[in-house]
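Here is a short report on a two-chain model. It takes one chain, then the other, then the place where they meet.

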Amino acid sequence: MIEVRNLVKKYGTHLAVDHLDFKIESGRIYGFLGPNGAGKSTTMNIMTGYLGATEGEVLIDGHDILKEPEEAKRHIGYLPEQPPLYVDMTVREYLEFAAELKGIPKAKREEEITEIEKLVKIKDVEHRLIKNLSKGYRQRVGLAQAVLGFPEIIILDEPSVGLDPKQIIEIRELIRKLAKNHTVILSSHILAEVREVCDYILIISKGKLVASDTPENLEKMLGEHNSVEIETEASPAEVRLILKNVPGIECVETQETGDGLTQAKITEKKGEDIRERVFTAFASAKTPLLTLKAAGMTLEDVFMELTQSDTVPDAFISGTKWEEAGTDAGDL
Amino acid sequence: MLAIYKRELRSYFQSMVGCVFVAFLIAFTGIYFMAYNLVSGYPYFSYTLSGSLIVFIVGIPLITMRSFSEERRNRTDQLLLTAPVSLGKVVMGKYLAMVTVIAIPNVIFCIFPLIIKSQGTAYLTVDYISIGVFFLLGCVYAAIGMFLSSLTESQMIAFISTFGILLVLYLWDGILSMLPVSAVSGLAGILILLSIAAFYIWHMTGNALISGAVEIIGAAAAVIVFVVKRELYENLLTNLLGRLALADVFTDITENSIVDVTGIALYLSVIVVFVFLTVQSIQKRRWS
């Protein structure tokens, strides 16, 4: 569907996009995740044909966006970071203009605009000037413009920025609704959003693709070093003594809480499950455990680890093999 | 292209810029018309029109300043450039909208010679040709203004630079009389122009080899011609740069009733060149 091959974009000497390579399959929601300035918007701008690339190519349904731009752009609807609105037009006028620009046949135009206005809930403001609309409505008008013509691929750059929580939930629902018939690619620097909405995550840092997989797999991959969190009334020294002879433990961190309890985080060695052993050890020492729970690595941890360190764990690079990844996600 | 054309045209009249331009040009010409043709009884409308040329110098930048700078500032160019429309069509749509705005007062001007005729003798051929050339000159100015607008994000800068260039072109005859006429200075002028062209090629393509080759081959050719046929360079600067006095074609008609067909060809080529340069400057920004 979309193939990005060896994409490079340089601004002078600054390398904004550094040899990106990925493939987007149809019918899923993809999330571009990365800290600010990671190259998400630049990549999207190149994919939609707004910017040229220094090197590499982007194929949209087999059409190179740089060589056959008109054919390739027909398959894409794009909502840039700042919605491209003509503020001196009314919503309806603007959408009519966008529809004509996208070459939607005149007979279908009116009907389709009305349909989309209902979809993004802007029907009641259609005769108002865009300059008098609030940020949330403007964002929706921008979204309506991207959806016009129902292109196969809809690319949204930070669609929920500047919206209130209710609007964010609405826009997420809308994205899910759209994903039934379209491929949606959205970018965000907010993890929770991407995890909630997307089937597949591409993490970009400093212009490079550092990981790409389903949210679950990403968590699982670093989750190999699981840890167990316990809470007990014994002192930290006693806890360490009890755990001393339990096999399979990598390290123990203890912490005293104010109310006389001790919390400990026990990291397992790779591939071990120590929960039973910990329980038995404490039981035989007649020290009751108040809490025992397994804690995996969260997506937050993965994200922080990937975008802040310069070296990337091998596990994530292999995660970019698409054939395997595709089958994984198919089960979900 | 039609979509962009319609939107632009509507926006000109919604934002009042188009109305102000049309009203200003007609009011100004109306005053001249009354003074020259009605009160003094001079039978040529073309003479009146030559007085209105100065309005173009302020009015055209007003029309062109927003064309691309505003799109860029509001990021609406992202909509146009990601739509399945080629860049050439985007530029042409906008340009034709400007041309239409300029055409409106010119169509109204067509009534004025008839008013003269109803009062006595009128020279309709000269008058209508001059209206046509006046309109064409407006199109030339609009192409220049559009190009300058595509270079910047600020409509103020676009306005001032267009106004400045149009003013210099307007005063070009006077500036020209100060240029040296000797053969050596002709050669120097050619070399300077060549270097500017080479620098522009380098700036656009980033290819030092091509621009260097253009510079060296061009300079060698210029020097050889200078050695072989020195007299060619005499008055060269004045002749060459004299062509830049674009309004001369128009004033020839209004003052002497001489229609210079090559001048009209010059107008059309200047339009083509600047529309092309506008496309190129937008392309360049996409790639840099």
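Of the 288 residues of chain B, 34% count as buried. Buried means 20 or more other C-beta atoms within 10 Å of the residue's own; exposed means 12 or fewer; partly exposed lies in between; C-beta atoms are placed from the backbone. This is a predicted model: local features need pLDDT of at least 70, side-chain atom pairs count only at pLDDT 80 or more, and totals for chains, interfaces and linings use all residues. Residues are numbered from 1 along each chain as its sequence is written, while chains are lettered from A and ligands numbered from 1 in the order in which they are written.

Chain B has 15 helices and zero strands. Helices (H or I, at least four residues) and strands (E, at least two) are DSSP runs, numbered from the N terminus. The C-alpha atoms of chain B fill a box of roughly 65 × 55 × 25 Å along the principal axes. Among contacts in chain B with a separation of 6 or more, 79% join residues 24 or more positions apart. A contact requires C-beta atoms, placed from the backbone, within 7 Å.

Chain A holds an open sheet of six strands, in the order 6-7-8-3-9-10, with mixed pairing. Two strands pair if DSSP finds at least two bridges between them. Strand 6 (76-79) and strand 10 (208-213) of chain A are the edges, each pairing on one side only. Strand 6 of chain A runs parallel to strand 7 (residues 153-157) of chain A, joined by four bridges. Two helices of chain A pack on the sheet, helix 1 (residues 40-47) and helix 6 (residues 165-179). Helix 1 of chain A makes about 150 degrees with strand 7 of chain A. Helix 6 of chain A makes about 150 degrees with strand 8 of chain A. Such angles run from 0 to 180 degrees between N-to-C directions, with axes as lines fitted to C-alpha atoms, for helices over the stretch in contact.

Most residues other than glycine have a negative phi.

| Residue | Phi | Loop |
|---|---|---|
| A:Phe150 | about 40 degrees | between helix 5 (135-147) and strand 7 of chain A |
| B:Met16 | about 75 degrees | between helix 1 (2-14) and helix 2 (17-39) of chain B |

A:Phe150 counts as partly exposed because it has 14 C-beta neighbours inside 10 Å. B:Met16 has 10 other C-beta atoms within 10 Å, so it is exposed.

Finally, the interface. 22 residues of chain A are in contact with 17 residues of chain B. Helix 3 of chain A gives the largest share of the chain A side, four residues.
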